[in-house]
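Biologist: I have the sequence and the coordinates open and would like to go through them with you. Shall we begin?

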Amino acid sequence: MSACNHTNEPEFTLVGLTDSKEIQLVLSVLFLLIYMLTVLGNIGMILIIHLDVQLHTPMYFFLTHLSFLDLSYSTVITPKTLQNLLTSIKNISFMGCFTQLYFFVLLAASECFILSSMAYDRYVAICNPLHYPVIMSPRRSYALITVSYMIGVLDSSVTVFCLSTLDFCNSKVIHHFFCDTFPILALSCSDTYNAEATIFVLAGSTLLLSLITISSSYVSILSTILKINSSSGKHKAFSTCASHLIGVTVFYGTMIFTYLKPSTSYSLGKDQVASVFYTIVIPMLNPLIYSLRNKEVKSAVVRVMKKRECTQKLK
């Protein structure tokens with residue numbers, strides 16, 4: 001960042017969601033409840049998978065990381081949002097702002113490819129069930145997770161680097177409730193074309209590449225399911241994918257609506273609602289989607305509870 005970023009006013013100001021004190025109070029209570037459910041739900045999911053041996057499979061290995069990512073990027077955004085709603089502190093330092101943006105992009109991009117890995121896992125399980133243990137070996141599972149995080153690091157590093165080269169000599173008021181790419185781009189007093197083009201191509205590539213992987217996996221899965229003769233077999237095969245398909249639809253729907261467009265078309269109202277949904281609400285929904293519609297997780301909860309009761313009786 002150039003010197004003018006630091007000498008005049010070394011901070012951004014987050015406008016937040018609303019100026020109304022009454023609405024701020026309602027939103028703060030709502031977001032606090034959602035965040036508590038997010039923490040409990042995702043930590044609970046991680047613990048259940050860790051404690052139940054029958055869930056030590058590639059599918060639930062990926063789900064553990066999905067819960068970790070949801071918990072992490074909700075934590076990156078929600079506490080600062082609550083502070084803005086409950087106090088008069090609206091400022092965030094340049095370093096704090098770009099740090100928040102860095103981790104948000106890292107976690108969101110990583111989630112795209114972990115969802116892709118989960119789709120590939122379901123493809124192998126349904127289309128090549130006999131070769132599943134060989135194809136989805138622990139080594140391959142760890143490789144897919146590592147690549148997902150590496151892509152996240154690449155995306156976030158390039159995004160923050162592009163934004164940090166811009167000048168912010170005029171307004172430093174971010175019309176958003178957290179440090180996001182387009183609201184920061186809108187503040188720059190220098191030419192943003194190269195930075196915007198680079199970020200757009202990078203974000204578009206991440207979303208489209210992961211979405212193509214998911215789509216091609218589900219096309220193959222659907223083709224295989226349609227070839228199954230028994231209705232019970234079709235239902236069982238589809239039920240293994242239903243939770244993931246719901247999660248993917250919700251996540252990608254809001255991400256594409258928000259990011260695959262020029263920064264000039266940024267809309268304060270619509271984009272803030274979409275941002276609230278994927279940064280605060282979706283991390284709470286994912287544990288519900290993957291547990292309430294999943295018999296294996298429900299059974300695992302029962303087994304863990306029974307095991308705990310037996311352990312207490314023995315004591």
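Biologist: Which residue stands opposite S93 in β2?

Modeller: That residue is E11. Please bear in mind that this is a predicted model.

Biologist: And what does F12 stand opposite?

Modeller: F12 stands opposite I92, also a residue of β2. The strand β1 covers residues 11-14, and its pairing with β2 is antiparallel, over three bridges.

Biologist: How many bridges join β1 to β3?

Modeller: Two bridges join them, and the two strands run parallel. Within β3, V173 is the residue opposite T13.

Biologist: In what order do the strands lie in the sheet?

Modeller: The order is β2-β1-β3, in an open sheet of three strands with mixed pairing. The edges are taken by β2 (91-93) and β3 (173-174); each has a single partner strand, so one side of each has no neighbour in the sheet.

Biologist: Which strands does α4 touch?

Modeller: Helix α4 packs on the sheet and touches β1, β2 and β3. The direction of α4 makes about 85 degrees with that of β2.

Biologist: Let us turn to the nonpolar core. Which residues have the most contacts inside the largest one?

Modeller: They are F12, F98, L115 and I184, in a core of 79 residues. Helix α4, residues 94-127, gives the largest share of this core, with 17 residues.

Biologist: What about the chain as a whole: how many helices and strands are there?

Modeller: The protein chain has eleven helices and three strands. Read from the N terminus, the elements follow the order α-β-α-α-β-α-α-α-β-α-α-α-α-α.

Biologist: What share of the residues is buried?

Modeller: Of the 315 residues in the protein chain, 47% are buried.

Biologist: Changing topic, which residues does the UniProt annotation "transmembrane region" cover?

Modeller: The UniProt entry, which is unreviewed, places that annotation on residues 23-48, 99-120, 141-166, 199-225, 237-260 and 272-290.

Biologist: How far apart are the end C-alpha atoms of residues 23-48?

Modeller: They lie 37 Å apart, and the span is 100% helix and 0% strand. Residues 272-290 are likewise 100% helix and 0% strand, with 26 Å between the end C-alpha atoms.

Biologist: Now some single residues. Where is S20 found?

Modeller: S20 is in the loop between β1 and α2, the latter covering residues 21-51.

Biologist: Why does S20 count as partly exposed?

Modeller: S20 counts as partly exposed because its relative accessibility is 24%, and that class lies between under 20% for buried and over 50% for exposed. In space, S20 is 9.9 Å from L85, C-alpha to C-alpha, although the two are 65 residues apart in sequence.

Biologist: And L245, in which helix is its place?

Modeller: L245 belongs to helix α9, residues 231-259. With a relative accessible area of 30%, L245 is partly exposed.

Biologist: How far is the C-alpha atom of L245 from that of I289?

Modeller: The two C-alpha atoms are separated by 9.9 Å, while L245 and I289 are 44 residues apart along the chain.

Conventions:
Residues numbered from 1 in each chain as written. Predicted model: local features only at pLDDT ≥ 70, side-chain atom pairs only at ≥ 80, totals over all residues. Heavy atoms only, no water. UniProt positions renumbered as here; feature names shortened; annotations may be inferred. Helix = DSSP H or I, 4+ residues; strand = E, 2+ residues; numbered from the N terminus. Core = buried A, V, L, I, M, F, W, Y, C linked by side-chain atoms within 4.5 Å. Buried < 20%, exposed > 50% of the residue type's maximum accessible area, 1.4 Å probe, protein only. Pairing = 2+ DSSP bridges. Contact = heavy atoms within 4.5 Å. Axes fitted to C-alpha atoms, helices over the stretch in contact; angles between N-to-C directions.
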